[in-house]
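Morning. I have one structure today, and I'll go through the two ligand sites in turn.

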Amino acid sequence: MKICCIGAGYVGGPTMAMIAKQCPDVSVHVVDLNQARIDAWNSADLPVYEPGLDGIVQEARGRNLRFSTEVESAIAEADMVFISVNTPTKTYGTGAGRAANLEFVEKCARQIARVSHGHKIVVEKSTLPVRTAEAVKRILSTTGNGATFDVLSNPEFLAEGTAVQDLLNPDRVLIGGESTQAIEALASVYAKWVPRNRILTTNVWSSELSKLTANAFLAQRVSSINAISAVCEATGADVDEVARAIGTDSRIGPKFLKASIGFGGSCFQKDILNLVYLCEHFGLKEVADYWEQVIILNDYQKRRFAQNIVRTMFNTVSNKHIAIWGWAFKKDTNDTRESAAIHVARDLLNERAQLHIYDPRVERKQIVADLKEVFSDADGHLTPTAQNLIEKNVVVGTSALAVAAGAHAIAVMTEWDEFKTLDFEKIHGSMQKPAFVFDGRNILDNDRLSQIGFEVHSVGRGGN
Ligand code: UDX
Ligand code: UDX
């Protein structure tokens, strides 16, 4: 069997590498328009940082895994084509700020139709609004030259930072489709390493909606515990204790109850906005409002964290040196899309703070690009003030210690393990006093830090 995957991103790359590793008899060709990205997949320095991914790519690349920009020939040769291109939130026209931009998916469908002969299975891997498969099917059947297609929905549930483990040992694989033959063809690929009872099949729309719903429920849990973190701060309770207490109820469960500066990542916000748009479209206003509140709460949590910093530091951070530890939206990834750190940094820069930023996996170029984007208006314009703030008030350092030297405060944005085991006596000695720590991830040992002399403020701990 020959598989082609269009889109060599955070989803397409790792997923195809795992299929190639587990199915040596299947030839897997990953294509992308972006030459630099493909070059990186073919190098020792992969474009996606994921623990354990290097070894898998090395094992399969050159054997049955290929990365190239030869999109058309790869599609033409394949029996099964995965669409794994990005579907960002629309920034213009109807549904701007909510609906998914399906431009790339439609282009892929047209391209597949144009170059295909015989029969192909087309698999939606990108997260899509409900009933997109229907549109893809129509494009395929009306623009092609006699080729026939089955369209399946096969949403990805991997989380970044643990992608390899999630792919290796998924809770479930979901395949939505009409044709039992096509479903079986895809199921037999996963069945090489995933137990059959974890391969669920549904109709196409249930599959599409399940992906949006899973992300909405997960994001809702984070917003729920973050909402309680505000109550904890106001009343003197400890959100980690509350999380532990409720998480022992087997109906609630212990996972995904970590209070934070707010969720980020490419999926949660986009998928909830998508769900909200869908509900509005079908006239379900109350349902749309219900889910939108998850985003409203998340925005509040990011804003609240920045405001707490300013308030605690005597109501001004102007020209104060604040060390920002972490920029990625979670640990063990180099992905910064929708990272809460970007929003907190913007708010602090608006207060004229001097930010010294360090992330073990994110480079200066990305940090500056993220700041430019968050300060830009809808047309991508930056005010001279914002431009000036990014140029003059942002330093990107090479270690957590380096950015903390001389700082008035440290703000922990990402829960990288390396932040837990630093020489805090040395760090305290190098900082201005009082030396503030704002732990946005509750990963540091409060008592120890307080003994050293830090003034520690954690998310969801009373007495802050
Ligand atoms: C994407 C979607 O965002 C997500 O909703 C879905 O579940 C899986 O695919 P991700 O892999 O994280 O997630 O996106 P990204 O890292 O942006 O990769 C998409 C790739 O597609 C990019 O490398 C881009 O260059 C490529 N692309 C995009 C094409 O090759 N052709 C196109 O027409 C558009
Ligand atoms: C998510 C889904 O988990 C995954 O199934 C889907 O395929 C894509 O979207 P991802 O965004 O990669 O994965 O990471 P995830 O671990 O879900 O974290 C998302 C955000 O929530 C991160 O910013 C994380 O820090 C935050 N989070 C998560 C919390 O703040 N608290 C938690 O308890 C869990």
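Start at ligand 2: a polar side-chain atom of Ser260 sits 2.7 Å from one of the ligand's oxygen atoms, a polar contact here being a pair of N or O atoms within 3.5 Å. On its own, ligand 2 exposes 670 Å², and the protein buries 91% of that; accessible areas are Shrake-Rupley values with a 1.4 Å probe.

Before going on, this is a predicted model, with local features needing pLDDT of at least 70 and side-chain atom pairs counting only at pLDDT 80 or more, while totals for chains, interfaces and linings use all residues. Residues are numbered from 1 along each chain as its sequence is written, chains are lettered from A and ligands numbered from 1 in the order written, and side-chain values use heavy atoms, without hydrogens and water.

Back to ligand 2. Backbone N or O atoms also reach its oxygens, at 2.7 Å for Phe157 and 2.9 Å for Leu158. The shell holds 20 residues, where near means a heavy atom within 4 Å. Eleven of them are nonpolar, three polar and six charged, with Gly counted as polar and Tyr and Cys as nonpolar.

Now ligand 1, which has 19 residues around it, and Val11, Asp32, Arg37, Lys270 and Arg337 are the closest. For Tyr10, the corresponding backbone distance is 3.0 Å. Thr87 places a polar side-chain atom 3.4 Å from a ligand 1 oxygen. Alone, ligand 1 exposes 690 Å², of which the protein buries 91%. Its shell divides into six nonpolar, eight polar and five charged residues.

Conventions. A polar contact is a pair of N or O atoms within 3.5 Å; within protein, one must be able to donate a hydrogen and the other to accept it, and residues adjacent in sequence count only if both atoms are side-chain atoms.
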